Amino acid sequence: MMTAASQGVVRTARHEDLRAVLAIHAEHNAGHPISILTSERQAETWRRMMATHDLTVYVAEVGVELVGTATALVMPNVTYDCAPTVFLEAVVVTPRHRRQGIARAIVQRVLADANAAGCNRVQLLSHKRHATDGAHRLYTSLGFEAEAEGFRLYLQAAPRSHLASGRDHAVGTT
Ligand SMILES: CC(C)(COP(=O)(O)OP(=O)(O)OC[C@H]1O[C@@H](n2cnc3c(N)ncnc32)[C@H](O)[C@@H]1OP(=O)(O)O)[C@@H](O)C(=O)NCCC(=O)NCCS
């Protein structure tokens, strides 16, 4: 099912979208478009993601190009009257397409799907460095409230995006 956005179209990702999704992250980290190759590990992970019923990768398409993405995971709960919780991750728009309503359209689609699935709430973590670069404004403008403290414990090295230069397209965004 595709949803019309003010700019482009938001849809769920398909098996063949892996390279384009990684290219969005790569362009975000590099600041310009780059051609990338996918590894077998990424392909295997993507197959697992596509096969996971409660996980949805969203993409925004402008013409034939994918320019934005986000991933949502629906977590079933026996609390909250058994209404599931949605966790939102990896929200990125390519630098060339920012401030055109792409991220807003993606998150609005996530919210619509979460409502349709009877979810209780949508949660996300956003690094404190995003307080001034626009990401926090994106979420608050859509009704999210910064009412909770976020906690993390890295079990492996912190992603390089959290350090000075994040050039590896495999790193995270939050
Ligand atoms: C944050 C990000 C996803 C926003 O994507 P986008 O498509 O440019 O956002 P939108 O155009 O939909 O913006 C919607 C609203 O968010 C806020 N916003 C977005 N970018 C902003 C910026 N650079 N400065 C101030 N406000 C901003 C504004 O309120 C904006 O509404 P407006 O344009 O009518 O003022 C994008 O900048 C990005 O990919 N950043 C790098 C990765 C990242 O930080 N992801 C979030 C991790 S939690």
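Reply: Start with the ligand. 21 residues surround it, and the closest are Arg98, Ala103, Arg104, Gly134 and Leu138. One caution: this is a predicted model.

Me: Which elements give two or more residues to the shell around the ligand?

Reply: They are E5, H3 and helix H4 (135-141). H4 gives the most, with four residues.

Me: How many of the shell residues are nonpolar, polar and charged?

Reply: Seven are nonpolar, nine polar and five charged.

Me: Now the whole chain. What is the secondary structure of the protein?

Reply: Four helices and six strands. From the N terminus on, the order is β-β-α-α-β-β-β-α-β-α. Buried residues make up 22% of the 174 residues. Among contacts between residues at least 6 apart in sequence, 62% join residues at least 24 apart.

Me: Why is alanine 51 called exposed?

Reply: Count its neighbours. Alanine 51 has 9 C-beta neighbours inside 10 Å. The label exposed needs 12 or fewer, so alanine 51 counts as exposed. Its place is in helix H2. Histidine 15 is 36 residues from alanine 51 in sequence, and the two are 9.6 Å apart in space, C-alpha to C-alpha.

Me: What about tyrosine 80: buried or exposed?

Reply: Exposed. Tyrosine 80 has 11 other C-beta atoms within 10 Å, and the cut-off is 12 or fewer. Tyrosine 80 is found in the loop between E4 and E5. Its phi is positive, about 50°, although it is not a glycine.

Me: Why is aspartate 81 called exposed?

Reply: Aspartate 81 has 8 other C-beta atoms within 10 Å, so it is exposed by the limit of 12 or fewer. Aspartate 81 also has its place in the loop between E4 and E5. Its phi is positive too, about 55°, and it is not a glycine.

Me: What makes a set of residues a nonpolar core?

Reply: The residues must be buried, of the listed nonpolar kinds, and joined through C-beta atoms within 7 Å. The largest such core here has 28 residues, and those with the most contacts inside it are Tyr58, Ala70, Ile106 and Val110. Helix H1 (18-30), strand E3 (55-62), strand E4 (65-75), strand E5 (85-93) and helix H3 (102-116) each give two or more residues to this core. H3 has the largest share, seven residues. In soluble globular proteins, nonpolar side chains tend to be buried together.

Me: What is tyrosine 58 in contact with, leaving aside its neighbours within four places in sequence?

Reply: Its contacts include Val10, Thr12, Ala70, Ile106, Arg109 and Val110. To count, two C-beta atoms must lie within 7 Å.

Me: Which residues of H1 are buried?

Reply: Val21, Leu22, Ala23, Ile24, His25, Ala26, Glu27 and His28. What covers them includes helix H2 (40-51), E3, E4 and E5. After H1 comes glycine 31, with a positive phi near 90°.

Methods
Residues are numbered from 1 along each chain as its sequence is written. This is a predicted model: local features need pLDDT of at least 70, side-chain atom pairs count only at pLDDT 80 or more; totals for chains, interfaces and linings use all residues. A residue is buried if 20 or more other C-beta atoms lie within 10 Å of its own, exposed if 12 or fewer, and partly exposed in between; C-beta atoms are placed from the backbone. A residue is near a molecule or strand if its C-beta atom, placed from the backbone, lies within 6 Å of it. Ala, Val, Leu, Ile, Met, Phe, Trp, Tyr, Cys and Pro count as nonpolar, Asp, Glu, Lys and Arg as charged, and the others, Gly among them, as polar.
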